Structure formats: C-alpha cells, structure tokens
Amino acid sequence: MYWEEWEWSRYCWMFHMYASLGIKLAVNLNAGRILFFPTYIKSDDIMEEDSPDRACAERLAVNYQENLSVTAFLKFIVNRSCGRTTIIKLPNYCTEEALEYVANECPGLKVLHVGAFNMSIEDILPKFISKWKSLEMVRMGKLHMEEVLPQIGLHCNNFIWLSAPYTYIGKDEASAIVTSLPKLKYLDLHNASFEKETLVMILKGCKKLVHLDIRNCWGFHGVDAEILELASHIPTFIYEGSIILPFYDKINERTMFMV
C-alpha cells in the first residue's frame, strides 16, 4: 500500500521551490515513480507574487524561452520516467495532448492528484480514466467529480481512496461518491464545505469506509448523535473543528473555487 509513500511525497513535491536544482529532482524522485509537478509551469499564469511556483517558473522561462509550454514540459518529464510512474500530481493548464500522453505512458498509475481548481482538464479527464485500471487513489475538487467518479467506478476495481479537501460537496457530488464508489475505504474531506444532509447521505451510502476525515469543515453545527451513530462502524473518524458560519449560502458558492 502507498500511504507512507503518499505522505512522504506530499513534501517531496516541493522540489520546485529549489529552482537551482532545475528539473533534476523531479526526474530523480524515486527513479521517476513519483512525479509532482508545480501547480503552475509558466510564470504568466501565476497571480500571487509570493507563490512557491514562481522561482521554478521563472527559471524554466530562462531555460526554454519562447519554447516553454505546459505540454512540452510535462511530456519531457514523463518521458524520462520510462513508464515507471505510479504517483503523479498534474499541473494546472494541462492540455488534452499532455493528459493523453500521461495516460499512455503511465499505465501503472495508482495515485492521481488533479487539484481542486484544474479547470483545463474538467471535460477531458473522464475519457482517460479507463487507461488507469490500477488506480487506487485520487485527489480532486468539485469540478471533476460528477464526470470522473462514474468512470473510476467502472474501470478501477482497486480504487479505495478519495480526497477532496477545501471544496464544496453538494448533493450531486455526494450522490456521485455513493453511487460510483460503494467500496470506498478512505475519504478525506478536511476543510471542505457541506451541509449535514450531505454527510448523512455519504455515511449511509459508503458502508465500507474505514477512514473519514471531516476536520474543520464548514456548513453544520458539528457532529451530533445521529452522525456518530451512522459513523459508528468507521474505525477512524476525524471530525474536530466543524462549524457553521454566517451567510453560509454565499460561502457555498465561494468555496466551489477554493484551490
């Protein structure tokens, strides 16, 4: 299983903060088996001045000049992995060409990190899920759920783990989770935004859960007796810090676009 590798790689992907190392660390990270791309490849796409992606993006711009593109950079790194990649975090503004290349060159992919606000692949990601039959774990946002999860349920028999933190989970998203992933074991929704009815739907539908994380969620007055009873079969249920905030209806719309 890949829990230790995943936790470790959450820190390793920060390779891009060390711009002086260029892309070598990404290529050498566990012999290309773990590829965590920075969220932004091109400096023009970065809005925040203090973004940790900026130093790497500016270095890449100097090295590649006008030839720099998200697609070219991704294909170059994936090609160097020689088909060994099992864990990948995709950059924003990933094109269909780039995603198709990942699908074809990484057939043994087990962990896919899409990101919460990667809108460029919202419409194209579902068509490639069938390539990753060994997929076990995905981190994504609301934008991808209703189309992607049915494909995962259809093609990925080993799938057990879904993470969707910092996003809004409505009834449509909860329905997609319950309907498409009845064998789900690990569900991470920390810092997400949803109402009690949505959580109840998930608890009633996902009977195989062994780990549920809803720490610091917005939208309901914490865990009550009903929720504790529905979650009594889950060995690890983490729920501290859940609150309801004023003007929650407006917050629902805003949190749909949290990265």
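In this predicted model, helix α4 (residues 70-80) packs against helix α5 (residues 96-105) at an angle of about 10 degrees, the axes lying 9 Å apart. Axes are lines fitted to C-alpha atoms, for helices over the stretch in contact, and angles run from 0 to 180 degrees between N-to-C directions; helices are DSSP runs (H or I, at least four residues) and strands likewise (E, at least two), numbered from the N terminus. The two helices α4 and α5 are therefore roughly parallel (angles under 35 degrees). In the contact (heavy atoms within 4.5 Å), Thr71, Leu74, Lys75, Val78 and Asn79 of α4 meet Glu97, Ala98, Tyr101, Val102 and Glu105 of α5.

Five salt bridges are present in the structure, each defined by a side-chain nitrogen of Lys or Arg within 4 Å of a carboxyl oxygen of Asp or Glu. One of them joins Lys75 and Glu97, with the closest N and O atoms 3.0 Å apart. This pair connects α4 to α5 across 22 residues of the chain. Lys75 is partly exposed at 26% relative accessibility (buried means under 20% relative accessible area, exposed over 50%, partly exposed in between; 1.4 Å probe, protein chains only).

In helix α8 (residues 196-205), Thr198, Leu199, Val200, Ile202 and Leu203 are buried. Their cover includes α7 (171-180), β6 (186-188), β7 (211-213) and α9 (225-230). Lys196 forms a salt bridge with Glu226 at 2.9 Å between the closest N and O atoms.

Residues are numbered from 1 along each chain as its sequence is written. Local features need pLDDT of at least 70, side-chain atom pairs count only at pLDDT 80 or more, and totals for chains, interfaces and linings use all residues, while side-chain values use heavy atoms, without hydrogens and water.

Technical notes: Angles under 35 degrees count as roughly parallel, over 145 as roughly antiparallel, 65 to 115 as roughly perpendicular and the rest as oblique.
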